[in-house]
Amino acid sequence: MNNEEIIIEGPNVAHGAESATDHHGHEHHEQHFIWKYIFSQDHKVISRQFMVTGIIWAIIGALFSVFFRLQLGFPDSTFPIMEKFLGEWAKGGKLSPEFYYALVTMHGTILVFFVLTAGLSGTFANLLIPFQVGARDMASPFMNMLSYWFFFAASILMFASLFVETGPASGGWTTYPPLSALKEASLGSGVGMDLWLMGMALFVVSSLLGGLNYITTVLNMRTKGMTMTRMPLTVWALLFTAVLGVLSFPVLFSGVVLLIFDRNFGTSFYLSEIFIGGKALPHIGGSAILYQHLFWFLGHPEVYIIMLPGMGMASEVLSTHSRKPIFGYFAMIISLVGITLLAFVVWAHHMFVTGMSPFLGSIFVLLTLLIAVPSAVKVFNWLTTIWRGNIRFNPPMLFALGFVSLFISGGLTGIFLGNSALDIHLHDTYFVVAHFHIVMGVSAFFGMFAGAYHWFPKMFGRFMNNTLGYIHFFITFIGAYLIFWPMHYEGIAGMPRRYYDYSAWESFKHFQGVNAFISCVAIIVFFAQLLFVVNFFTSIWRGRKMTTLNPWGSTTLEWTTPIHPGHGNWEGEIPEVYRWPYDYKDDGHGNDFIPQTTPLRPGEEAH
Amino acid sequence: MSVLITVALVVLVFIIIYQIGKASEYSVILRGEEKVKAQANRVIAFLLLLLFPLGCWGIWYCNSIFQDRMLPVAACPTGVNYDSMFKVTVIVTGIVFFLTQFILFWFCFKYQSTEKRTTFFFAHNNKLELIWTTIPAIAMAILVAIGLRNWYDVTSPAPPNAMVVEVMGKQFNWMVRYPGKDNELGKRDFRKINDANNVMGLDWTDPHNMDDIISQNGELHVVVNRPVKLLICSRDVIHDVGLPHFRMKMDAVPGISTTLWFTPTITSDSMKLITKNPDFVYEISCDQLCGKGHYSMRGTIIVQTQAEYDKWMASQQTYYASNNPSAAPASDTTKAQPKNDSIKAVTMK
């Protein structure tokens with residue numbers, strides 16, 4: 001039995017009673033095990049499938065970082081444990097350069113796509129959208145099921161690529177050609193790259209299937225009274241995330257297809273005037289920069305796809321646990337719109353040093369620094385949300401607060417990089433590595449953790465352990481700053497990224513001590529994440545049980561469903577909504593909040 | 001064996017922490033949920049508040065350890081402008097950073113949940129939104145203005161008296177081509193590349209190639225206070241010419257020619273004194289992942305006086321001559337080297 005089946009067979013999937021919409025068309029209540037738990041079309045089951053697959057990938061991706069940090073921190077040492085895990089690739093206990101680059105590549109690919117996109121959007125969009133808009137399930141449960149299984153198929157290919165003889169893809173998660181196009185250029189551009197490309201193609205399909213579903217459900221399936229401006233910010237954020245994905249993933253797909261063609265069918269989309277492996281290649285006329293445009297046209301919206309769900313969830317968590325409405329609901333929506341629109345027109349700030357026309361570069365500088373404005377507005381709104389609140393410090397709240405702190409730090413360093421003149425020196429240095437890790441690798445993860453701790457009761461009917469949550473928070477928060485803060489200095493000193501070893505460099509070898517320190521902290525933080533995983537899985541069966549429907553005192557619809565919601569979510573009619581989701585005020589009966597489903601009192605005005 | 005013990009130890013630690021977690025859950029029930037929650041809240045609020053001064057101290061500590069590990073003064077005028085623009089950006093973002101982080105952690109402490117506290121229902125305020133939209137926008141506009149001025153400066157065309165040098169990257173080293181006495185680089189074609197005697201694919205039918213000099217050890221010689229324009233290209237995959245001491249870099253893309261120019265103002269010897277490091281050397285780092293040897297694609301820049309440069313140049317043999325000894329009389333070298341199939345024949349001392 002695999003993990004999935006054990007979890008899904010838990011008490012949560014109570015068999016649904018008569019549901020108003022019988023969109024499965026089955027005549028009787030009993031579904032076969034395969035259709036109920038494996039190829040399930042229930043959004044709650046699919047959300048758990050995404051979550052568990054995401055957690056497994058996160059452990060693998062993080063483990064890779066431990067290995068390559070061992071190399072970076074201690075380049076003169078050997079680690080027999082690495083040879084145990086990695087065999088030939090770490091002969092004598094030292095990572096070979098090829099496999100170092102393979103680990104770095106797969107770390108990025110796995111965490112950006114498989115964990116922070118599928119594991120984040122896939123889990124929470126599936127869990128929260130139908131619940132929070134008041135729908136029994138997604139617009140197309142069948143497509144929803146397919147979106148998970150295409151993700152699973154992509155995972156199989158990606159996982160298989162780790163075990164091929166020439167190794168997995170090793171051209172960086174960005175996979176620039178000609179390096180990634182030519183088998184002669186690198187071992188990792190062999191079969192491993194073909195598997196990577198096919199895996200990504202399937203992944204894009206999965207994202208599109210999911211995204212289209214999320215958009216349609218939000219637009220078409222809201223319950224009575226749930227106008228767009230009464231939707232929780234989480235739903236707004238997930239909606240825009242889906243829009244970003246639907247419009248930009250196809251461009252990555254096209255970039256990947258062209259690369260597959262260049263690799264296998266003799267085309268020259270990205271190749272021109274190349275001499276390698278002792279001979280001049282016949283390709284003429286292509287442009288390696290074309291790939292970069294196609295890649296980053298997705299690549300930039302991708303980072304907002306990663307960021308937005310966390311923003312939405314943090315808004316929800318901050319508001320609920322300070323017992324105050326989110327400040328500036330409309331401004332938050334408008335800033336989400338601003339971020340979504342601008343996300344599409346800033347991609348070339350990743351390409352400032354490719355030799356692009358300076359005029360073009362300056363346009364991208366302008367647009368990139370513009371995007372800082374809505375992000376700033378959101379930060380100020382979050383701060384005002386907790387001002388004069390009544391803050392409860394449980395794990396979800398801690399992670400939401402940590403999210404804000406990290407977003408401030410990571411966002412501000414983005415301002416350096418967005419300014420092209422500054423970027424010239426900082427591009428491809430550890431400053432970039434520090435920036436994107438703080439903002440994606442930690443801040444977005446904190447949004448994910450906030451959501452995980454906050455909605456765990458809704459997913460499994462039990463709570464995660466608080467003490468373990470506190471330990472997880474403090475170690476990760478402090479550890480993340482200890483790891484990534486020093487990297488900024490290394491970047492400012494010009495230390496390049498994606499280097500296996502700095503000992504031969506007069507300009508950089510004096511950072512050895514810093515690198516060793518960072519590696520030690522990274523290993524500790526890795527173990528703290530394992531603590532979260534242990535907490536997560538043991539709480540599913542042994543967590544403190546939920547005894548009330550609405551333990552957090554939240555106003556949104558998901559807390560009006562039974563503790564173990566069945567197929568169709570609500571047992572009777574779907575509730576009607578009368579107010580916006582942030583009425584955290586005295587209801588006259590001793591509660592400090594008024595759920596969305598409570599009708600307006602006589603004389604009360606709608607918000 | 002040690003692996004097993006390590007794994008066992010790790011598992012043990014996890015079990016202990018898990019039991020602590022479970023025990024605390026039971027103790028909450030025993031001691032009364034509300035009371036424990038209130039106490040935990042106070043402790044956490046205090047710890048959060050502590051994080052801010054701790055963080056500030058950490059930043060101060062980091063600044064002090066890194067102080068003497070950063071780059072020395074920039075070795076060209078655009079680099080100096082870079083450093084001042086960087087400082088301005090640090091100040092602007094630094095103010096925002098300290099202010100917002102302080103507010104965040106202070107609010108956490110001040111508004112922690114207590115028995116008596118009531119919240120203030122404050123859902124929106126358009127004036128506030130306007131203020132904190134406009135101020136960041138103005139700050140961004142200022143940074144953009146300064147940035148674009150520097151950007152146009154750096155990307156402007158090189159002055160006409162600039163020394164032109166070609167830098168070509170390949171897996172995994174840099175090759176530098178000097179135009180020689182005729183001051184012009186000859187044409188090249190990738191189809192003519194031959195690792196034995198024509199590493200850059202020079203077209204020998206172009207007379208401008210006959211006096212060109214190629215260094216395969218990635219050592220770039222330039223003259224202090226004289227602008228130098230690098231014509232950058234690649235033979236195989238994308239590389240990048242990274243010049244940290246000059247605060248510049250530019251991608252080397254196969255099939256496309258890119259340019260980068262600067263005026264070095266500090267000789268290598270002077271920099272040795274400034275950094276108090278007799279081993280100092282300006283380095284060229286490859287700044288675009290190019291394969292397994294990416295981290296070893298090291299080049300160097302020797303900034304010297306005109307006299308030193310002329311002396312060095314006079315001792316160089318043209319690439320043509322070193323690969324075609326029979327044609328030696330037509331070259332303008334003073335030293336003929338025996339032909340040798342290995343490309344090391346043109347390594348400069």
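Student: In which sense do β6(B) and β9(B) pair, and over how many bridges?

Tutor: β6(B) and β9(B) are antiparallel and share two bridges. Strands count as paired when DSSP finds at least two bridges between them. Strands here are DSSP runs of E with at least two residues, helices are runs of H or I with at least four, and both are numbered from the N terminus. One point first: this is a predicted model, where local features need pLDDT of at least 70, side-chain atom pairs count only at pLDDT 80 or more, and totals for chains, interfaces and linings use all residues. Residues are numbered from 1 along each chain as its sequence is written, while chains are lettered from A and ligands numbered from 1 in the order in which they are written.

Student: What stands opposite Val241(B)?

Tutor: Cys286(B), in β9(B).

Student: Which sheet is that, and what's the strand order?

Tutor: An open sheet of five strands in chain B, ordered β4-β10-β9-β6-β7, with mixed pairing. β4 (219-223) and β7 of chain B are the edge strands; each has a single partner, so one side of each has no neighbour in the sheet. From one strand to the next the twist averages 25°. Angles are taken between N-to-C directions of lines fitted to C-alpha atoms, for helices over the stretch in contact, and run from 0 to 180 degrees.

Student: Which helix packs on it?

Tutor: Helix α6 (residues 306-314) of chain B, which touches β4 and β10 (298-304) of chain B. Its direction makes about 135° with that of β4(B). Contact means that the C-beta atoms of two residues, placed from the backbone, lie within 7 Å.

Student: What about the order β3-β2-β1-β5-β8 in chain B?

Tutor: That is an open sheet of five strands, with mixed pairing. Direction ignored, neighbouring strands are turned by 25° against each other on average. Within chain B, β1 (residues 163-170) and β2 (residues 173-178) pair in the antiparallel sense over five bridges. Met168(B) has Met175(B) in β2(B) as its bridge partner.

Student: Changing topic. What radius of gyration does chain B have?

Tutor: 31 Å, whereas a compact globule of 349 residues would be near 20 Å. The radius is taken over C-alpha atoms, and the globule rule is 2.2 Å times the number of residues to the power 0.38. Buried residues make up 37% of chain B; buried means 20 or more other C-beta atoms within 10 Å of the residue's own, with C-beta atoms placed from the backbone.

Student: And how compact is chain A?

Tutor: Its radius of gyration is 24 Å, close to the 25 Å that the rule gives for 607 residues, so chain A is as compact as a globular protein of that length. In chain A, 64% of the residues count as buried. Its secondary structure comes to 17 helices and two strands.

Conventions:
A residue is buried if 20 or more other C-beta atoms lie within 10 Å of its own, exposed if 12 or fewer, and partly exposed in between; C-beta atoms are placed from the backbone.
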